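The sequence and the structure are shown first.

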Amino acid sequence: MADALILGAGPAGLQAVFQLGLAGLTAEVIEARDAPGGLCAAYGDKPVYDMPGFVSVTGAEIASGLVAQAMQLKPIIHYGEKALRWEAGFRLICASGAEYSAPVLVVAGGARFAMDVEPSTCEHSPGLFAIGDAARYLGKTSYLIPAFHEAALMAHRAFAILKGAV
Ligand SMILES: Cc1cc2nc3c(=O)[nH]c(=O)nc-3n(C[C@H](O)[C@H](O)[C@H](O)COP(=O)(O)OP(=O)(O)OC[C@H]3O[C@@H](n4cnc5c(N)ncnc54)[C@H](O)[C@@H]3O)c2cc1C
C-alpha cells in the first residue's frame with residue numbers, strides 16, 4: 001500500500017506525487033481519464049503567460065513537464081478509474097468496482113469534481129487533503145500556482161502525520 005492515495009492526475013495531483021516523493025513518501029493515483037495533465041493538457045495549444053520562469057509556455061508543455069517530474073518518483077497510476085465515493089479509512093470506491101486505500105487521501109479532482117470536499121471536512125480529518133481546484137477556499141482563484149503551493153503544504157503535513165511527528 002502506498003503512503004498516499006491521490007484522486008486526480010491533473011497539475012495538482014502530479015505535483016502532489018512530486019512533493020510527497022521529495023518527503024520520501026510513495027503515491028498511488030486514481031485518474032478517470034486515460035492520460036495525465038487534467039485541464040492543462042486539455043488546452044494544450046493555449047499559451048500560458050503567468051508561469052514563473054517562462055515568458056510563454058503552452059498547456060501541453062506544462063503538463064508534460066509535470067508528468068516527467070512526477071514520474072521520477074515512480075507513482076502507481078491507475079487510468080480509466082473513476083472514483084465515486086470514499087469510505088472510512090480513506091478507502092476509495094471506483095465505478096469499476098475496484099477499491100483503493102491509503103493512510104493519506106489527497107483529493108485533487110479539480111473544480112468539476114463531483115464529491116465536494118469543504119475545507120472544514122479536511123480540518124477535522126487528519127490525513128484528508130483537498131488541493132488545487134478541488135479546494136474550495138473562499139475567494140480562491142483557480143490557477144496553477146496555488147495548486148503547487150497547496151501540494152507542497154500537503155506533503156509537509158502528510159509527512160508529519162505518517163512519521164508520527166504530530
Ligand atoms: C481554458 C483554460 C485556460 C486556463 N489558463 C490558465 C492560465 O493561463 N494560467 C493558470 O495558472 N491557470 C489556467 N487555467 C486554470 C488551470 O488549468 C487549473 O487551475 C488547473 O488545471 C487545476 O489543476 P487541478 O489538478 O486542480 O484540476 P484539473 O486540471 O481539473 O485536474 C483534475 C483531474 O482529476 C481527474 N478527476 C476528476 N474527477 C475524478 C474522479 N471522480 N475520479 C478520478 N479522477 C477524477 C480529472 O480527470 C483530471 O485529470 C486555465 C483553465 C482553463 C480551462
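## Overall architecture

Among contacts in the chain between residues at least 6 apart in sequence, 57% link residues that are at least 24 apart. The model is predicted. Its chain contains five helices and 10 strands. The radius of gyration of the chain is 15 Å, close to the 15 Å that the globule rule gives for 166 residues, so the chain is as compact as a globular protein of that length. Taken along the principal axes, the box filled by the C-alpha atoms is roughly 45 × 35 × 35 Å. Of the 166 residues, 38% count as buried.

## The sheet and its helices

An open sheet is formed by five strands in the order E5-E2-E1-E9-E10, and their pairing is parallel. From one strand to the next, the twist averages 15 degrees.

Within this sheet, strand E1 (residues 4-7) and strand E2 (residues 27-31) run parallel and are joined by four bridges. Ile 6 has Val 29 in E2 as its bridge partner. Helix H5 (residues 144-162) packs on the sheet, where it touches E1, E9 and E10, and its direction makes about 165 degrees with that of E9. Helix H1 (residues 11-22) lies across E1, E2 and E9 and runs at about 175 degrees to E2.

## Surroundings of the ligand

The ligand is surrounded by 31 residues, of which the closest are Gly 8, Gly 10, Gly 38, Gly 110 and Gly 132. At least two residues of this shell are supplied by each of H1, E2, helix H2 (38-42) and H5.

## Individual residues in loops

Most residues other than glycine have a negative phi. Against that background, two residues call for comment. Lys 74 is not a glycine, yet its phi is positive, at about 50 degrees. Phe 90 is likewise a residue other than glycine, and its phi is near 55 degrees, a positive value.

The loop that holds Lys 74 lies between helix H3 (59-71) and E5. Phe 90 is found in the loop between strand E6 (83-87) and strand E7 (91-94). A further loop residue, Phe 113, is located between strand E9 (104-107) and helix H4 (119-123). The table lists the neighbour counts of these residues.

| Residue | C-beta neighbours inside 10 Å | Class |
|---|---|---|
| Lys 74 | 11 neighbours | exposed |
| Phe 90 | 18 neighbours | partly exposed |
| Phe 113 | 20 neighbours | buried |

Methods. Residues numbered from 1 in each chain as written. Predicted model: local features only at pLDDT ≥ 70, side-chain atom pairs only at ≥ 80, totals over all residues. Buried ≥ 20, exposed ≤ 12 C-beta atoms within 10 Å, placed from the backbone. Pairing = 2+ DSSP bridges. Axes fitted to C-alpha atoms, helices over the stretch in contact; angles between N-to-C directions. Contact = placed C-beta atoms within 7 Å. Rg over C-alpha atoms; globule rule 2.2 N^0.38 Å. Near = placed C-beta within 6 Å.
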